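Here is a briefing on one protein model. Please look over the chain first, then read the points by topic.

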Amino acid sequence: MYGWAGTILTIDLSKEQIIKEPLDMDTAEKFLGSDGIGVKLLWERVPAGTPPLDPANIICFGSGPLTGTFCPNSGKMSSVFKSPTTGLIGVSTAGGFFGPELKEAGYDLIVLMGKAKKPVWIWIDDDDVEIRDAAHMWGKTAWEAIDIIHEEVGDVPTITIGPAGENQMFGAFCLVMRSRALGGVGSGAVMGSKNVKAIGVRGTKGVQVYRPDEFMKKCKEAKDKIMSHPVYAGFARYGTPQWSPVLIAQGVVPVRNFQEGVFPEGEEFLDPETPCKEVFVKSDACEGCVIHCGHWCEVRSGPYKGTKTEGLEWYAEYMFGPYIGCTDWGFVTKASVECNNLGIGFGAAGMIAWLMELYQRGIISKKDVDGLELTWGNQEAALEVLRKMAYREGIGDILAQGWEKAAEELGGKDFQPLITRLITTECPRARMDVALSHIVSVRGGDHNKALPYFAWICPPEYIHKNWPDWPKETPDIYNPIGKPEIVDWIEDWKCVNDSLTVCYWSTSVTMPGGTNPTDYAELLTYATGVEYDEKKLLEAGRRIAVLERAFNVREGWGRDVYQLSPMFTDRAFPRGSQAGVKADMKVINEMVDKFLERKGFDSKTGYPRKETLEQLGLDFAIKQLRKLGRIID
Ligand code: SF4
């Protein structure tokens, strides 16, 4: 087989069975890889209404048909499951080396199902797959578990969970190697619910491509396109902290739980040169990457001196910076190491800012939070909250149950910075691209599914040239006109990125004029021998996007799921360029309606139309949705 490895590896933990099934070629052609094939498996194998932490939920980890090849930036992976964080579909991507190694071991996806009777870890050594005892790792931090695995089998790529995952904390993540993560929507809690501490993989088989000469020529062309792009140099030097000047210019830095949009005391902190001076040692990258947005970091002075890690991207910067009123890259580094070791998602760590606002407002006091002084910027208290969340101690146990339960216990629901059940770092009050892309995101409201970054950095002429039928206002982020069109397109294109497992920092999702669907259709054709063109590739993306949304509908969510917290609709920044601006739900709802109709869903109910599913070859979904009364016939 070319491009794809050709095998899905299912591990039934309850029955202790290892099942290798051939990858169905029709599925591969239509759903591409990781994300796409994962959502189809989720639909087929998880009964409707399954609680996320029930053994009947599955978690898929996958590569794509370009993973492990010379295609630039194709070394990512993704996971798919029903999310304990949101109750919606859980889709997360991560970098590192695990995805390519899995492919080289001969597998497109791993599917974990059931629940092991006792803690286990999974060892995949090419064709040999073992369910091994993990009693000696259970209770250890993620990095300790990695050390144990490396002692047992050598220095191989790993997926691990920390104590937060073991204790099924709502926002626990799976750590990929030491610092990449399948974050945001609770992948670690699902692993923990299955009693799986880790997966290690060694692959030595390589990946076959169908037309190697043309493929290599096209890879070189794609690499040159990425490396000659104007956004490239900033990404390569700073990584995602390069976005900070954009947020400053827009007046939307998330300061103290979004109470402020400007952060004058953090001007130096937010300067992308500051981490370069203070903690970055050298750049680092996922397999096959030509950008190198990651960094090896070491704190050079202060109380966290000597702390080392790889990573430090914008979620860490904001969650442990302006969100909680801190301006110290040493602390950001330390808190990132803590999150990675404990296995806590950086989004879930955003609960600290919410607690601090409740503390500021007198809604909670010291006695509610185990005597902690939760004043803004208190680094020690923030680290202690993280530890308590992971081990479910005291206040940590309340937080570990998720946003809804925590608000029931503590109050302050209206101060939770949530969009469609998920925490955000992006303010949706004025920016219409953010508001729409976040509120309609199938995994909950963050930037990972459909944010048209290129509207932030793109010359309007680019959009007008490439999509002449789109409204001329499309590039204006403060204008709702054109946003349903652009968010609809980005969602499909991003599903392609996540299914091929190419990093969207290298494609035209982020880089206007960068590598685009036509480039990847060509690469895919040369890699697999299956003919693709731009239309067929984007149709595959749409098929995946529609099935993900239909999965949420099947699980009980309709039009009512698309919501902004009152903190965005009822309060505004007191100063800065966005002073006084509140989210206008009338305008946002009009965009949501238009988006849903474009996508082939009914804007009143949020349910898919039968013909949408038929046109995309998703007939298998119709019967179930009809039985549930959740389809428009
Ligand atoms: S740009 Fe960053 S996240 Fe993307 S592949 Fe490169 S190192 Fe990994």
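Predicted model: local features only at pLDDT ≥ 70, side-chain atom pairs only at ≥ 80, totals over all residues.

Residues are numbered from 1 along each chain as its sequence is written. Helices (H or I, at least four residues) and strands (E, at least two) are DSSP runs, numbered from the N terminus.

**Domains**

- The domain assignment gives domain 1 (7-202), domain 2 (214-416) and domain 3 (422-513 + 533-627). Such bounds come from an automatic or database domain assignment.
- The centres of domain 1 and domain 3, taken over C-alpha atoms, are 27 Å apart.
- Their contact takes 39 residues from domain 1 and 28 residues from domain 3. Two residues are in contact if their C-beta atoms, placed from the backbone, lie within 7 Å.
- On the domain 1 side, the elements giving two or more residues are helix H1 (25-31), helix H2 (34-45), E4 and E5.
- H2 provides the largest share of that side, seven residues.
- By class, the domain 1 side that touches domain 3 has 15 nonpolar, 19 polar and five charged residues. Ala, Val, Leu, Ile, Met, Phe, Trp, Tyr, Cys and Pro count as nonpolar, Asp, Glu, Lys and Arg as charged, and the others, Gly among them, as polar.

**Ligand shell**

- The residues around the ligand include Asn 73, Gly 75, Gly 95, Cys 286, Cys 289, His 292, Cys 293, Cys 503 and Trp 505. A residue is near a molecule or strand if its C-beta atom, placed from the backbone, lies within 6 Å of it.
- The shell holds seven nonpolar, five polar and no charged residues.
- Domain 1 and domain 2 both give residues to the shell, so the ligand lies between them.

**Strands E4 and E5**

- Strand E4 (residues 77-82) runs antiparallel to E5, and six bridges join them. Two strands pair if DSSP finds at least two bridges between them.
- Phe 81 stands opposite Gly 90 in E5.
- The hairpin of E4 and E5 has six residues between the strands, and Gly 87 there takes a positive phi near 80°.
- Six of the six residues of E5 (residues 89-94) are buried, so the strand is largely enclosed by the rest of the structure. A residue is buried if 20 or more other C-beta atoms lie within 10 Å of its own, exposed if 12 or fewer, and partly exposed in between; C-beta atoms are placed from the backbone.
- Ile 89, Val 91 and Thr 93 are on one side of E5, with Gly 90, Ser 92 and Ala 94 on the other.

**Helix H16**

- H16 (residues 379-391) has 13 residues and reaches 19 Å from its first C-alpha to its last, close to the 18 Å expected. The expected span is 1.5 Å times one less than the number of residues.
- Its buried residues include Glu 384, Val 385, Leu 386, Lys 388 and Met 389.
- Cover for the buried residues of H16 includes helix H13 (329-342), helix H15 (351-360) and helix H17 (395-400).

**Loop residues with positive phi**

- Most residues other than glycine have a negative phi.
- Glu 16 is not a glycine, yet has a positive phi of about 55°. Glu 16 lies between strand E1 (7-12) and strand E2 (17-22), and counts as exposed with 12 C-beta neighbours inside 10 Å.
- Asp 126 has a positive phi of about 50°. Its loop is between strand E7 (120-125) and strand E8 (128-133). With 14 other C-beta atoms within 10 Å, Asp 126 is partly exposed.
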